[in-house]
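Me: I'd like to learn how to read a few features off a model like this one. Could you walk me through them, starting with side-chain contacts?

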Amino acid sequence: MQRRTHLTILASLMLTTGLAFAADPIKIGVTGPYTGGSSSMGVSMRDGVKLAISEINKAGGVLGRQLQAVERDDEAKNERGVQIAQELINKEKVVATLGFINTGVALASQRFYQEAKIPVFNNVATGSIVTQQFKAPEFPDNYIFRNAAHDSIQAPMIVEEAIGRRGFKKVAILADSTNYGQLGREDLEKALTAKGVKPVAVEKFNIKDVDMTPQLLKAKEAGAEAILTYAIGPELAQIANGMTKLGWKVPMVGSWTLSMANFIDNAGPGGEGARMPQTFIQEPNTVKRKAFIDGYLKTFKPKNNRIDSPVSAAQGYDSVYLLAAAIKQAGSTDGVKIREALENLQTKVEGVVTTYDKPFTHDDHEAITANIPVFGEVKGSKVVYAYEEDSKKGSDIRTKAAKKDAAAAKQQPAKK
């Protein structure tokens, strides 16, 4: 009788322990702006992450455990991002964080993860300095990774499109006053200098500004043939609308954010023809992309079957699979081991943007090189391939260039 009681207690303990283990998820922070002017990027990124987590969990999870997204709205505010970072690290005990849409929020927040030795995936923020914030020798190991096209890739593409491909001689720069806008402006000016071109006007504006007339008049009076932009959707729409009011229409060529739904919808006809670098365009031109697009549309039902920010959604989705591959390879959720695995991934990760084959090394935490993005164009209230040649080759997977090739990569003119 006593032996039977002991066996019953032991069985109960084993069951309880098993249930506790089964209920012990791998917590991943997912932080971005889910409200406000940056929200189309944040929500699309978050939903891409959630789709990938759902797929991985249905397939059994990672290391026999389910992934759990711990979502937080940073409201695109640096101080809020800092608060969230400390909460996710100290209270939620996340093993990594995905997100950071806004460059300023990333720069303010990710130092806490660096100090805690917890990897961060910047799957949208593009400021060139983001992955360079913690460099040797002061920081022998860097915990900040990225799978987005940084501004040192985008700015030369923008300039090549305007000056090289389309032959404009006089361009103006309009950039917002945030870290994102001003760092991007600096990159644009460097790229223009490399072409021997000086902008005829460089104008700044603030988030939530609704009247761009003064800036546009200066650009117009200076003879600008095109406007180069670094800002986000709502203010970009004000630029397009401002030109419409002035009866002055010149092409807009800018960073990838010209693809945001709140630019396209708010600018209306004034936004038609705007061009921007894109790592992903919502076209089902591969089996993987079709499955992703179908899954996203079915799960989240965006208006008009158009993902609000396709780039954000795709890069968010891919970041989960990269992190899952690293955790699996590490056989651990320890931050140091995850970082080491990311820097030496042994398996290829088939993503939506590209197939990631050893995307990172100890000294290179950028998964995207200059040969991967293509130019998109706003046409009929959505983003399509700007060039027919890129559209025809859309099913070709562009993979990360070798370091020497990446340094020399330049966007080649394509036929219309």
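Me: How do I read a polar contact, and what lies 2.9 Å from a polar atom of the side chain of Gln-282?

Reply: A polar contact is a pair of N or O atoms within 3.5 Å; within protein, one must be able to donate a hydrogen and the other to accept it, and residues adjacent in sequence count only if both atoms are side-chain atoms. Here, the backbone oxygen of Asn-305 sits 2.9 Å from a polar atom of the Gln-282 side chain. That side chain of Gln-282 also reaches the backbone nitrogen of Ile-307, at 2.8 Å. Keep in mind that this is a predicted model, where local features need pLDDT of at least 70, side-chain atom pairs count only at pLDDT 80 or more, and totals for chains, interfaces and linings use all residues. Residues are numbered from 1 along each chain as its sequence is written, and side-chain values use heavy atoms, with hydrogens and water left out.

Me: Where is Gln-282, and is it buried or exposed?

Reply: Look in the loop between strand 10 (275–278) and helix 10 (287–300). Helices (H or I, at least four residues) and strands (E, at least two) are DSSP runs, numbered from the N terminus. Buried means under 20% relative accessible area, exposed over 50%, partly exposed in between (1.4 Å probe, protein chains only). Gln-282 counts as buried because its relative accessible area is 18%. Taking contact as heavy atoms within 4.5 Å, Gln-282 touches Ile-293, Leu-297, Asn-305, Arg-306, Ile-307 and Pro-310, leaving out residues up to four places away in sequence.

Me: Which backbone atom does the side chain of Thr-369 reach?

Reply: The backbone nitrogen of Ala-401, at 2.9 Å. Thr-369 belongs to the loop between strand 12 (355–356) and strand 13 (374–379), and is buried because its relative accessibility is 7%.

Me: On to the nonpolar core: which residues touch the most other members of the largest one?

Reply: The general idea is a set of buried Ala, Val, Leu, Ile, Met, Phe, Trp, Tyr and Cys residues joined through side-chain atoms within 4.5 Å. In this model the largest core has 77 residues, and Leu-228 and Phe-292 touch the most other members. Helix 11 (residues 310–330) contributes the most to this core, with 11 residues. Phe-292 is in contact with Leu-51, Phe-280, Ile-307, Ala-313, Ala-314, Tyr-317 and Val-352, again not counting residues up to four places away in sequence.

Me: What is the volume of the second largest cavity?

Reply: About 70 Å³. Its lining includes Val-124, Trp-256, Thr-279 and Gln-315, while strand 10 and helix 11 are the elements that give two or more residues to it.

Me: Last one: which residues have a positive phi of about 65 degrees?

Reply: Most residues other than glycine have a negative phi, and most peptide bonds are trans. Phe-100 has a positive phi of about 65 degrees although it is not a glycine, and so does Ser-381. Phe-100 is buried because its relative accessibility is 1%, whereas Ser-381 is partly exposed, at 42% relative accessible area. For the peptide bond, go to Ala-136 and Pro-137: a cis bond joins them, with omega about 5 degrees. Pro-137 is in the loop between strand 4 (120–122) and strand 5 (144–146).

Note on methods
1 Å grid on protein atoms, 1.4 Å probe; cavity = no way out; pocket = protein on both sides within 12 Å on 5 of 7 lines; lining within 4 Å. Points joined across faces, edges and corners; volume = space filled by probe spheres on them.
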